Amino acid sequence: MTAHYLERAGPDWLVAGARHVWRPYCQMKTARPPLPVVATRGSRLILDDGRELVDGLASWWTACHGYNHPHIAGAIRDQLERMPHVMFGGLAHEPAYRLARRLANLLPGDLNHAFFAESGSVSVEIAMKMALQFHINQGREGRTRFLSFRGGYHGDTLATMTVCDPEEGMHSLFSGVMPSQVIADLPVDAASEAALDAVLAQRGGEIAAILTEPLVQGAGGMLFHSPQVLRTLRRLADKHGVLLIFDEIFTGFGRTGTLFAMQAAGVEPDIVTLSKALTGGTLPLSVAVASTRVFEAFWSDDAGAALMHGPTYMGNALACAAANASLDLFEAGAWRADVARVSAALAAGLEPVRTAPGVVDVRVLGAIGVVEFDAPVAVGALCDAFAAEGAWIRPMGRTVYLTPAFTTPDADLAILTAAIREVVSAGGVEGNGGV
């Protein structure tokens, strides 16, 4: 194997390990080598060569409180000394049980029953499995499909790929491997609402649940929609007797300006999935939280009615300790002012590129800033260009976007937006897309 990335200079660990690490979302033969990170601090990545980059993505939207937050780090250290992990089958521990209770208190409505896992994709699969068995346990046969939306993204595992936008390309190789789902347009106006109502009237008897990302379809292109869409989905789900699942893996925990995106609409789903910022970007943890109505469909003397699922690291004590510490910070409330400050900085800093060649939209919601182009962008080349400006920004598809830590200082926010203005104004952004 003679791929060029194996021949480039770098620290010994990078050169020695490059032949053995299979990286995500890239063609290994032609991809640029990754930047070697040796430490993190606040909103910054410290590279092997001593450079510091302001992280504009908070490590795929996870490090909402910034890196190395002392409260979260201290909670992890304390838990590690006592007990890093025990199996969740037949055993229990305080961090998970306390976290479940706290999530139930924070979430709206009667979303009271938490089922833990490790990754966002798995939590979506668990939510799908809950929805299927909800109907089975009540004697409703044939509800084996899900309705999701164009522009949506819910994960890379086999089942979650089927509820992603079938046209976005990343999962097109696997078309036909799993049963197809029902894909519709979000009901953003009267015509699309009527069309969705008609689909549910025709196929509602085979649909277990509607699945959507509230307010922002993230990896599908940072596509925004109004809170009214969520109210419409709640009404149609009730009308046609299907469950409603909100995937808040990206939008949950303050990213859109409310603690959970659903709160902007004043509606609750039957199941919500959470991950990413749940532990403040420190340890893998996810959860599917069900309403009491869903949970009670599994509450039975019949062992066959139980939810037979259990990830090995389910309810990991270290991760739950980190999540509890992260919730402490959210409950303290400073994040609200921070998100408003970040939002204002992104809006002011990105607006000047609206008239740049190829730009079709600039939009901001909470701590999300998006510059959308008329064609897919050159991901690798743009990453290099942004790094040269002191910023870590990884575009996807037709967008260059920012989702920084809420605690990012004003000076670092200025570096991020200035990097985008400089690189976009220089041109050469078009490419072949990517994540």
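A salt bridge is a side-chain nitrogen of Lys or Arg within 4 Å of a carboxyl oxygen of Asp or Glu. By that rule, Asp361 and Arg363 form a salt bridge, with their closest N and O atoms 2.9 Å apart. The model is predicted: local features need pLDDT of at least 70, side-chain atom pairs count only at pLDDT 80 or more, and totals for chains, interfaces and linings use all residues. Residues are numbered from 1 along each chain as its sequence is written, and side-chain values use heavy atoms, with hydrogens and water left out.

**Salt bridges**

- A search of the whole structure finds 22 salt bridges.
- Asp361 is partly exposed at 23% relative accessible area, while Arg363 is buried at 12%; buried means under 20%, exposed over 50% and partly exposed in between (1.4 Å probe, protein chains only).
- Shared partners join Glu351, Arg354, Asp361, Arg363, Glu372 and Arg398 into one network of salt bridges.
- Asp384 and Arg32 form another salt bridge, their closest N and O atoms being 2.5 Å apart.
- This pair links distant parts of the chain, 352 residues apart: Asp384 lies in helix H12 (residues 379-388), and Arg32 in the loop between helix H1 (12-17) and strand E1 (37-41).
- Helices (H or I, at least four residues) and strands (E, at least two) are DSSP runs, numbered from the N terminus.
- Asp384 is partly exposed at 40%, and Arg32 is partly exposed at 38%.
- Arg44 forms a salt bridge with Asp412, the closest N and O atoms lying 2.7 Å apart.
- Arg44 in strand E2 (residues 44-47) and Asp412 in helix H13 (residues 410-426) are 368 residues apart, so the pair links distant parts of the chain.

- Helix H8 (residues 227-240) has 14 residues and should span 20 Å at 1.5 Å a residue; its end C-alpha atoms are 21 Å apart, which agrees.
- The expected span is 1.5 Å times one less than the number of residues in the helix.
- The buried residues of H8 include Val229, Leu230, Leu233 and Arg234.
- The buried residues of H8 pack against strand E5 (145-149), helix H7 (190-203), strand E7 (207-212) and strand E10 (243-247), where contact means heavy atoms within 4.5 Å.
- Gly241 follows H8 and has a positive phi, near 70°.

**Nonpolar surface patch**

- Leu158, Leu173, Phe174, Val177 and Met178 make a nonpolar surface patch of about 500 Å².
- Patches are made of residues with over 30% relative accessible area and no salt bridge; like charges are joined within 9 Å, and nonpolar side chains (Val, Leu, Ile, Met, Phe, Trp, Tyr) within 5 Å.
- Accessible areas come from the Shrake-Rupley method with a 1.4 Å probe, and for residues only the protein chains shown count as cover.
- Phe174 is in the loop between helix H6 (158-161) and strand E6 (182-184), and is partly exposed at 41%.
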